[in-house]
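Me: I have a structure to go through with you. Can you take my questions as they come?

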Amino acid sequence: MEIRSKITTQEYIESLRRQLRSFSPEEQETLIEEIRSHIAAGEEDPGMGKDLEERRNRVMKQLGSPQSLGDGFKAVYRPDRLIDWLLIAIPYLLYPYLNSFYLSLMPKYSWADIRLDVAIHLPLVVIGLWRRSAPLALFWVTIIVSQLFAITTLMNSYYGLQTIFWAVLLLALLSLAGHIIWQNRHDLLIVIFGVMPLGMCVSGNVLSAIHPTDHTLYNLLDRLLLIAHLYLRDFSFDSTILLAILALFLLPSDRRIRWLALVLYGLMIGVEHAYLTEYQTGNMALLAHWVHDLWVVLPALIVMSGWWLERSKRPRLDFAMGQV
Amino acid sequence: MTNLQQLRKGSTPLLILSILSTDKMYGYQIMRELERRSAGYFTMTAALLYPALHHLEKDGLLKSEWQAGPGRRRRKYYSITQKGRNALAASRTEWRTFIATLQKTLKPANGD
């Protein structure tokens with residue numbers, strides 16, 4: 001009987017080790033040592049039973065499953081966040097090539113790219129949910145939403161009846177994003193990471209319908225912003241910079257670095273947005289200057305507000321363990 | 001998960017900080033102390049306790065150190081930090097208000 005219990009303890013530790021395989025061997029050992037120490041303390045506690053067998057059985061029963069223990073540790077330390085980043089970087093870099101290839105196969109269907117967009121990015125959203133990684137799921141939801149939003153609001157006549165299908169998908173994805181953000185409402189980093197690009201996408205499309213006009217010459221700031229925008233876009237630096245910023249957001253544990261990354265992400269969204277060129281022709285700004293200026297700084301301002309809010313509030317005790 | 005289970009789970013960090021506010025302890029000791037103080041009402045599995053301890057430590061509310069235990073085994077002792085004490089004090093006030101309001105609301109009206 002004692003042998004069976006010993007095997008059970010050993011099996012538990014081995015099963016836990018498998019759950020912790022995304023941690024480094026040193027981290028695994030430290031976490032497992034603490035659990036071994038817990039089991040030993042229970043076996044030595046006379047209050048747990050009259051003999052070793054009874055005490056061991058009771059302490060094993062109170063451990064909880066190795067899977068939930070492993071999930072709990074993973075939720076705290078996010079040891080596999082490099083994988084999250086790779087699941088963003090690799091598809092992001094490959095997408096333009098896949099898109100060109102797909103369009104070359106089907107030259108008649110100029111709208112085929114949105115189908116490819118959904119076919120590639122939707123599984124990545126599912127992977128993000130399966131991995132319980134809010135940043136991964138939110139990033140890809142945002143990418144699809146920005147495409148679908150343009151289709152359903154700006155180009156609906158081009159897509160005809162298809163628009164209905166894309167609109168339903170858009171609503172479903174927005175609901176999903178809202179759900180993920182709500183689940184992570186106590187982590188302002190994740191909330192802002194989700195809300196900021198989605199908010200800019202939605203307000204951008206609303207603005208395109210209103211577009212306050214201002215037929216005046218470019219000022220210096222307009223020119224500088226336009227140069228930054230064109231430089232990013234034309235030299236394809238945007239992918240490299242974006243992925244570097246996302247690495248800075250996903251990989252470090254230090255929240256100050258992650259907030260800084262989010263500010264840079266916000267600035268990039270502001271500078272990169274097509275608004276800076278869409279309504280500007282020649283040397284004449286057709287969109288009001290204040291819209292341009294606000295557009296560039298608004299995302300960074302949203303991030304800084306979140307950072308200030310986090311700093312000003314006291315630490316919360318009701319953290320949610322292992323949520324998406 | 002029922003509402004009561006959610007409430008219990010939500011109170012985990014508060015219970016841990018409260019137990020550690022008097023003395024430093026290792027994980028198993030915290031679990032047993034919680035059972036003792038609540039007369040067995042609050043029981044916590046290791047799968048809930050240890051991630052919560054690590055989370056609190058990561059947030060700077062607890063600190064830990066390994067110390068020699070019986071035999072060759074080491075034990076990891078947790079103690080509360082000043083940041084943890086501040087958070088505990090604020091959370092205690094919040095919970096007292098919540099419980100008092102709940103009791104007041106649940107109290108049957110005259111004639112019930």
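What follows is a short chat about this predicted model.

Me: Ground rules before we start?

Reply: This is a predicted model: local features need pLDDT of at least 70, side-chain atom pairs count only at pLDDT 80 or more, and totals for chains, interfaces and linings use all residues. Residues are numbered from 1 along each chain as its sequence is written, while chains are lettered from A and ligands numbered from 1 in the order in which they are written.

Me: Which residues have the most contacts inside the largest nonpolar core?

Reply: They are A:Ala137, A:Leu138, A:Trp140, A:Val141, A:Val145, A:Ile192 and A:Leu262, in a core of 43 residues. A nonpolar core is a set of buried Ala, Val, Leu, Ile, Met, Phe, Trp, Tyr and Cys residues joined through C-beta atoms within 7 Å. Buried means 20 or more other C-beta atoms within 10 Å of the residue's own; exposed means 12 or fewer; partly exposed is in between; C-beta atoms are placed from the backbone.

Me: And which helix gives the largest share of this core?

Reply: α7(A), with 13 residues. Helices (H or I, at least four residues) and strands (E, at least two) are DSSP runs, numbered from the N terminus.

Me: What is A:Leu262 in contact with, leaving aside neighbours within four places in sequence?

Reply: A:Leu189, A:Ile192, A:Phe193, A:Phe249 and A:Val303. Contact means C-beta atoms, placed from the backbone, within 7 Å. Apart from that core lies another, of 36 residues, including B:Tyr26 and B:Leu53.

Me: Switching to α4 of chain A. Which residues there are buried?

Reply: A:Pro66, A:Leu69, A:Gly70, A:Gly72, A:Phe73 and A:Val76.

Me: Where is A:Arg132, and is it buried or partly exposed?

Reply: A:Arg132 sits in the loop between α6 (112-130) and α7 (134-153) of chain A. A:Arg132 is partly exposed, with 16 other C-beta atoms within 10 Å. Its phi is positive, about 55°, although it is not a glycine.

Me: What about B:Ala39, buried or exposed?

Reply: B:Ala39 is exposed, with 7 other C-beta atoms within 10 Å. B:Ala39 lies in the loop between α3 (27-37) and α4 (46-58) of chain B.

Me: How many helices and strands in chain B?

Reply: Chain B has 5 helices and 3 strands, in the order α-α-β-α-α-β-β-α. Of its 112 residues, 29% are buried.

Key:
Contact = placed C-beta atoms within 7 Å.
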